[in-house]
Amino acid sequence: MSSIITLTTDFGLYDGYVGAMKGVILGINSNVSIVDLSHEIPPQDIQEAAYLLWTSYRFFPRGTIHVAVVDPGVGTERPAIIVDIGDQRFVGPDNGIFAYIYQDFPGATVTYITNRSYCLPQLSRTFHGRDVFAPVAAHLSRGTKRSEFGPELSTPVRGEVSSALVTRDYIKGQVVHVDRFGNAITNISESQFLRITGGQSFRIEFKDMYVDCINDTYGDVTAGETLAVMGSAGMLEISVNGGNAAHSLGLDRTTPISVVIE
Amino acid sequence: MSSIITLTTDFGLYDGYVGAMKGVILGINSNVSIVDLSHEIPPQDIQEAAYLLWTSYRFFPRGTIHVAVVDPGVGTERPAIIVDIGDQRFVGPDNGIFAYIYQDFPGATVTYITNRSYCLPQLSRTFHGRDVFAPVAAHLSRGTKRSEFGPELSTPVRGEVSSALVTRDYIKGQVVHVDRFGNAITNISESQFLRITGGQSFRIEFKDMYVDCINDTYGDVTAGETLAVMGSAGMLEISVNGGNAAHSLGLDRTTPISVVIE
Amino acid sequence: MSSIITLTTDFGLYDGYVGAMKGVILGINSNVSIVDLSHEIPPQDIQEAAYLLWTSYRFFPRGTIHVAVVDPGVGTERPAIIVDIGDQRFVGPDNGIFAYIYQDFPGATVTYITNRSYCLPQLSRTFHGRDVFAPVAAHLSRGTKRSEFGPELSTPVRGEVSSALVTRDYIKGQVVHVDRFGNAITNISESQFLRITGGQSFRIEFKDMYVDCINDTYGDVTAGETLAVMGSAGMLEISVNGGNAAHSLGLDRTTPISVVIE
């Protein structure tokens with residue numbers, strides 16, 4: 001059985017917080033491979049963590065356990081949970097961080113972690129990443145059954161998935177993530193796009209600009225030119241070849257983007 | 001036997017320095033798990049490395065070897081050492097980087113690494129992280145005895161531990177670390193705090209402000225409000241719920257913090 | 001057989017891109033150790049990636065596979081390649097990123113990856129790090145023969161290696177890398193330096209300054225003083241003890257540096 005635990009947090013890499021989580025995990029299961037997804041989530045930005053987790057989890061093998069900790073309510077009454085989608089599991093706070101997972105797997109089983117014997121004996125109230133989520137994930141990776149951790153939670157916090165509005169003539173979406181290269185990734189999927197355009201002329205509109213074709217990849221246009229591609233997460237993306245679209249076009253995580261049939 | 005090596009350095013993640021250390025370690029012991037504690041220590045900031053190492057090492061299992069390299073004197077006469085506290089070991093320069101370890105384990109055994117056969121054959125004078133500390137840690141992890149590396153060092157550089165002044169009526173401490181969230185962590189421990197307050201009214205004073213209670217966690221106050229908690233390292237911490245206390249209150253690593261009985 | 005895969009990219013650590021690559025690798029070979037060399041290469045900066053790879057690869061054991069992805073031409077006709085130097089292999093785009101490897105091993109065998117069965121089934125055109133290079137490296141680490149991936153490529157893009165001009169009386173070189181500490185590392189090697197200086201007096205000139213001796217290490221001069229050392233990559237380096245030479249002396253990656261016999 002594959003034993004991989006991934007970590008997604010807003011802890012940064014400066015403090016020793018992520019290291020302490022790994023120490024706890026390896027102390028319980030020394031045979032696990034720990035993979036960092038991102039620790040640079042802006043502090044308390046649950047939505048960004050939810051999005052980044054979604055773009056990555058599909059590329060991990062069966063059995064992978066994903067720990068996600070962006071947890072402004074740490075130590076309050078918000079439950080700690082395990083989300084089981086069948087061949088992968090997720091561990092974190094019940095605050096919407098698994099919004100995209102629930103969307104992909106509406107029938108996911110959610111467990112409320114109430115059994116303290118799987119947490120660190122000295123349970124702090126400000127660092128559940130280290131004291132709850134890390135040890136629970138490690139015990140899961142050793143084969144402890146989900147039901148040992150606590151009862152099912154029937155109404156978890158579903159959280160927010162940014163969805164585009166799709167009609168017959170247009171799609172109204174928005175930028176949901178700007179990556180390191182300045183690519184502005186939208187919430188408009190390839191299938192949504194194809195459904196309304198299919199062979200017809202279209203314009204992808206944002207700010208006071210537009211693009212009227214989809215390119216296959218960045219290098220298909222000349223350097224410095226703006227283009228639209230279906231990016232690596234399967235979503236429509238506005239880019240500048242060899243440049244930073246977000247900076248040069250003034251796009252950020254809330255910028256509206258529309259697709260309009262001409 | 002658990003084979004974990006942690007790394008704490010001021011090398012950053014931009015250059016390939018940390019990667020080269022890992023290559024050396026894995027070339028000697030391919031079965032080791034390498035965990036990064038932090039590589040973002042400010043250049044030459046031995047005190048910060050000493051502090052971060054202290055907050056993390058306790059969460060690692062028996063047998064873990066911690067390599068810490070903030071080493072302004074690299075290549076000079078300062079010894080390279082192994083500090084053995086019984087169930088964990090530390091490898092690095094003898095410059096005070098293990099100050100907190102010596103405080104926790106006054107009887108720790110210190111070995112002066114003089115046996116060059118455990119270093120890389122081509123020993124540079126500017127990168128002992130790669131050429132001395134990495135291979136020594138890897139050999140330790142394979143079971144090489146401490147005494148093989150060199151003689152005992154009876155008077156290592158103890159270094160500096162920032163300590164609060166505790167009297168019957170007050171504690172005079174200071175901020176010793178500001179974390180990614182802007183939490184200002186002090187050198188006042190929970191036990192010191194309880195010893196002088198025990199049931200009485202108190203004020204925690206800093207700059208021209210004060211807090212007169214301890215909260216359990218950030219979410220116990222409204223967003224934007226200043227609070228004091230006993231943080232995840234067991235130390236008194238000034239925070240702003242959902243905000244950055246250091247930025248908004250003007251706290252940094254030297255700001256004095258006092259606890260006063262009213 | 002050692003199973004190490006290193007990663008050098010311009011993907012940064014903010015997005016989940018690197019994590020997705022690791023998920024793909026571990027899904028194919030769960031027994032591999034993955035080591036990050038750097039993910040902070042400036043976007044599209046092939047030269048910097050080539051240089052950093054060169055300073056690190058020699059410290060990895062036989063059998064290591066190095067994946068390097070700085071790939072402005074992703075999804076265009078540029079080949080994906082495997083470079084085999086005998087005891088290590090390199091996987092990445094054919095765009096000059098392996099320039100220093102070709103210089104060290106002029107007889108390296110280059111394979112053009114044409115067999116799509118070793119790529120992810122859903123092959124994006126914008127993220128070959130995840131869809132091509134990661135799975136190819138993982139299959140290589142499992143023992144798949146080089147010839148299975150495609151035919152030999154006889155004329156790969158050699159790329160650019162920054163070389164110093166060496167005459168009998170002087171060397172004209174330049175800064176090729178500024179590290180985290182602000183050390184300005186040049187393209188002048190120790191052997192080039194010794195060849196022309198021999199026992200004679202010399203000046204190392206840059207901007208309107210010069211240094212007339214080589215120190216063994218930073219701490220050999222007083223704090224704040226400028227010095228020249230033969231750094232950990234075996235190259236002449238301009239440093240400031242306890243300071244940042246690049247900032248304080250105004251050196252960057254193109255600054256000319258000369259060695260002149262007096």
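This is a predicted model: local features need pLDDT of at least 70, side-chain atom pairs count only at pLDDT 80 or more; totals for chains, interfaces and linings use all residues.
Trainee: Start with chain A. What does R130(A) pair with?
Mentor: R130(A) forms a salt bridge with D131(A), and their closest N and O atoms are 2.6 Å apart.
Trainee: Are R130(A) and D131(A) buried or exposed?
Mentor: Both R130(A) and D131(A) are buried.
Trainee: And chain C, which residue does D131(C) bridge to?
Mentor: D131(C) forms a salt bridge with R130(C), with 2.6 Å between the closest N and O atoms.
Trainee: Why does D131(C) count as buried?
Mentor: Because its relative accessibility is 0%, and the cut-off for buried is under 20%. R130(C) is buried as well, with a relative accessible area of 4%.
Trainee: Switching to chain B. What is the N to O distance for R78(B) and D71(B)?
Mentor: It is 2.7 Å, and the side chains of R78(B) and D71(B) meet in a salt bridge.
Trainee: Why is R78(B) called buried?
Mentor: R78(B) has 14% relative accessibility, so it counts as buried. D71(B) also counts as buried, because its relative accessibility is 11%.
Trainee: Back to chain A. Which residues are linked with R253(A) in a network?
Mentor: D45(A) and E48(A); the three are linked in a network of salt bridges.
Trainee: Why would such side chains pair in general?
Mentor: Side chains of opposite charge can pair when their charged atoms come close.

Conventions: Residues are numbered from 1 along each chain as its sequence is written. Chains are lettered from A and ligands numbered from 1 in the order in which they are written. Side-chain values use heavy atoms; hydrogens and water are left out. A salt bridge is a side-chain nitrogen of Lys or Arg within 4 Å of a carboxyl oxygen of Asp or Glu. Buried means under 20% relative accessible area, exposed over 50%, partly exposed in between (1.4 Å probe, protein chains only).
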